[in-house]
Amino acid sequence: MKVGTFTCLTTAILFGVVAVPIRLAAQSVGPEIIVFDAPGAGATAGSGFGTFPNSINNAGAITGHYIDANNVNHGFLRSPGGEKFIKFDAPGAGKTTGSGQGTFPDSISKAGAVTGRYIDSNNVNHGFLRTP
């Protein structure tokens with residue numbers, strides 16, 4: 001019995017020593033919040049303008065829309081590292097100030113294709129696909 005007890009204690013000590021560094025390493029890594037605004041997004045306090053991300057793919061590319069200072073909606077595509085912002089408007093998207101018209105991306109695929117909708121100058125909704 002003493003041999004069995006010794007083996008259990010040795011095993012417990014070994015696992016205890018190994019488990020502590022692993023647990024500490026796992027606790028030191030935490031989530032990160034990255035804040036960003038699309039270039040050209042309106043920033044007037046209380047206006048409702050700003051940046052509205054909607055989807056991220058596995059590579060980290062983000063798509064969404066932003067409202068500019070003229071209250072017009074535009075699509076954007078942010079590269080995985082944030083070094084590039086691409087502004088885009090679907091062909092036929094309305095651009096009347098304050099109308100709620102514009103481009104509204106909803107999702108991005110693994111390959112970088114973006115789908116969404118746009119509202120034209122007659123306030124009619126249409127779908128779009130932006131290829132990579």
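K95 is exposed, at a relative accessible area of 52%; here buried means under 20% relative accessible area, exposed over 50%, and partly exposed in between, with a 1.4 Å probe and protein chains only. The model is a predicted one, in which local features need pLDDT of at least 70 and side-chain atom pairs count only at pLDDT 80 or more, while totals for chains, interfaces and linings use all residues. Residues are numbered from 1 along each chain as its sequence is written, and side-chain values use heavy atoms, with hydrogens and water left out.

**Salt bridges**

The whole structure holds two salt bridges, a salt bridge being a side-chain nitrogen of Lys or Arg within 4 Å of a carboxyl oxygen of Asp or Glu. K87, D89 and K95 are linked in a network of such bridges. K87 is partly exposed, with a relative accessible area of 49%, and D89 is partly exposed at 24%.

| Salt bridge | N to O distance |
|---|---|
| K87 and D89 | 4.0 Å |
| K95 and D89 | 3.9 Å |

**Strand β3**

R78 belongs to strand β3, residues 73-78; strands are DSSP runs of E of at least two residues, and helices are runs of H or I of at least four, both numbered from the N terminus. R78 is buried yet has no salt bridge, and the nearest side chain of opposite charge, E83, is 7.2 Å away. Lys and Arg count as positive and Asp and Glu as negative, with His and the chain ends not counted. R78 also lies over the face of F36, 4.7 Å from the ring centre; this requires NZ of Lys or CZ of Arg within 6 Å of the ring centre and within 35 degrees of the ring normal.

L77 is found in strand β3 as well and counts as buried because its relative accessibility is 12%. Beyond four places in sequence, the contacts of L77 (heavy atoms within 4.5 Å) include A61, I62, F85 and R130.

**Aromatic pairs**

Four aromatic pairs are found in the whole structure. Rings of Phe, Tyr and Trp (its six-membered ring) pair if their centres lie within 6.5 Å; planes under 30 degrees apart count as stacked, over 60 as edge-to-face and the rest as tilted. F36 and F76 form an edge-to-face pair, 6.2 Å centre to centre with 75° between the planes. F36 sits in the loop between α1 (2-28) and β1 (50-56), and F76 in strand β3, 40 residues apart. Both F36 and F76 are buried. The F88 and F128 rings are edge-to-face, because their planes are at 75°, with centres 6.0 Å apart.
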